[in-house]
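Okay, thanks for coming, everyone.

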Amino acid sequence: MSFSSFLANLIIPLNLCVTLLVVAVVLLMLGRRRIAAALIGLSVAWGLFWSLPASSLWAGGRLEQLYPYTAAADLPAAQAIVVLGGNTAGGRLNWFQPYDRETALTRTESAAMLFKAERAPLILLSGAALEGSQSEAEFMANTLRKEGIPSDALLLEKNSFNTYENALYSARILKERDISRVLLVTSALHMPRAMAVFSRQDLTPIAAPSAPQIVVPDDPDFSFWLPDERTFFASRSIIKEYVGLLVYWLRGWV
């Protein structure tokens with residue numbers, strides 16, 4: 001496990017809350033009551049903060065708004081479309097509502113829309129096999145073929161396990177074809193980190209994010225300040241992006 005993954009897993013709400021509580025119990029047994037009480041309070045505060053929709057809208061919404069969503073037909077033309085693996089089966093409409101396949105829009109669907117709008121003649125799919133033998137790139141390619149995208153328009157990068165490698169290995173394939181101007185497809189939340197990394201590879205990426213998901217739902221019962229279980233567990237994605245940006249900056253990758 002990489003340092004960034006370890007750090008992100010440690011500070012996700014549930015993991016950090018449990019870790020702080022375990023340490024607090026040990027300190028109580030050692031008679032360090034004040035420190036134990038402080039850790040218990042920190043655990044509760046951390047969990048409460050990330051269970052509030054208002055927190056996700058503030059922290060996650062800031063990232064999503066850095067590269068606003070633009071419809072495929074309104075984006076400029078490029079030499080290729082680059083699609084990053086990760087959550088390729090997701091794309092739920094709204095962060096605060098249950099997943100609904102009828103309204104979900106995946107990254108591959110976004111790429112297909114760009115291709116059919118004649119924004120670029122090629123699609124490069126980037127992602128290694130996270131489980132099993134089929135890479136994310138191959139999975140996305142199969143999905144795009146079912147949507148009518150010809151095989152000769154698809155390029156596969158099957159070795160990358162993170163965003164930095166997505167950019168590094170994709171750039172090698174693109175430069176072999178003298179391609180530098182690309183439409184970059186990923187989630188709105190992930191786009192700031194992806195754009196920063198691809199820009200460092202002497203490419204000219206154009207953000208083509210999926211529609212933002214961390215938005216106020218059209219629900220009269222929605223509350224900004226009522227703790228919510230779905231928000232609590234989903235918040236790990238926001239934390240992952242902030243930790244990723246920090247670690248990538250420290251490593252000189254962005």
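Let's start with Glu138, which is partly exposed, with a relative accessible area of 25%. On that scale, buried is under 20% relative accessible area, exposed is over 50%, and partly exposed is in between, with a 1.4 Å probe and protein chains only. Quick housekeeping: this is a predicted model, so local features need pLDDT of at least 70 and side-chain atom pairs count only at pLDDT 80 or more, while totals for chains, interfaces and linings use all residues. Residues are numbered from 1 along each chain as its sequence is written, and side-chain values use heavy atoms, with hydrogens and water left out.

So, what does Glu138 meet in a salt bridge? The partner is Lys158, at 3.6 Å, N to O. A salt bridge here is a side-chain nitrogen of Lys or Arg within 4 Å of a carboxyl oxygen of Asp or Glu. This pair links distant parts of the chain: Glu138 sits in helix H6, Lys158 in the loop between E3 and helix H7 (163-176), and they are 20 residues apart. Helices (H or I, at least four residues) and strands (E, at least two) are DSSP runs, numbered from the N terminus. Lys158 is partly exposed too, at 41% relative accessible area.

How many salt bridges does a search of the whole structure find? It finds 2. The other pair I'll show is Arg193 with Glu241, whose closest N and O atoms are 3.0 Å apart. Again distant parts of the chain are linked: Arg193 belongs to helix H8 (residues 191-199) and Glu241 to helix H10 (residues 236-251), 48 residues apart. Buried or exposed? Both Arg193 and Glu241 are buried.

Back to H6, residues 136-146. Its buried residues are Glu136, Ala137, Met140, Ala141 and Leu144. Looking down the axis of H6, they fall within an arc of 135°, so they line one face of the helix; the arc is that of the directions from the helix axis to the C-beta atoms. As a reminder, an α-helix has 3.6 residues a turn, so residues three or four places apart point the same way. And what do the buried residues of H6 pack against? Strand E1 (80-84), helix H5 (107-116), strand E2 (123-126) and strand E3 (154-157), where contact means heavy atoms within 4.5 Å. After H6 comes Gly148, with a positive phi near 95°.

Next up, H2, residues 13-29. Pro13, Leu16, Cys17, Leu20, Ala24 and Leu27 are buried in this helix. Down the H2 axis those residues fall within an arc of 100°, so they line one face. On the other side of H2, Val22 and Met29 are exposed. H2 is followed by Gly31, whose phi is positive, near 85°.

Last stop, two backbone spots. Most residues other than glycine have a negative phi. Glu118, however, has a positive one, near 60°. Glu118 lies in the loop between H5 and E2 and counts as exposed at 67% relative accessibility. Asp202 also has a positive phi, near 60°. Asp202 is in the loop between H8 and strand E5 (204-207), and is exposed, with a relative accessible area of 64%.

That's my tour, thanks.
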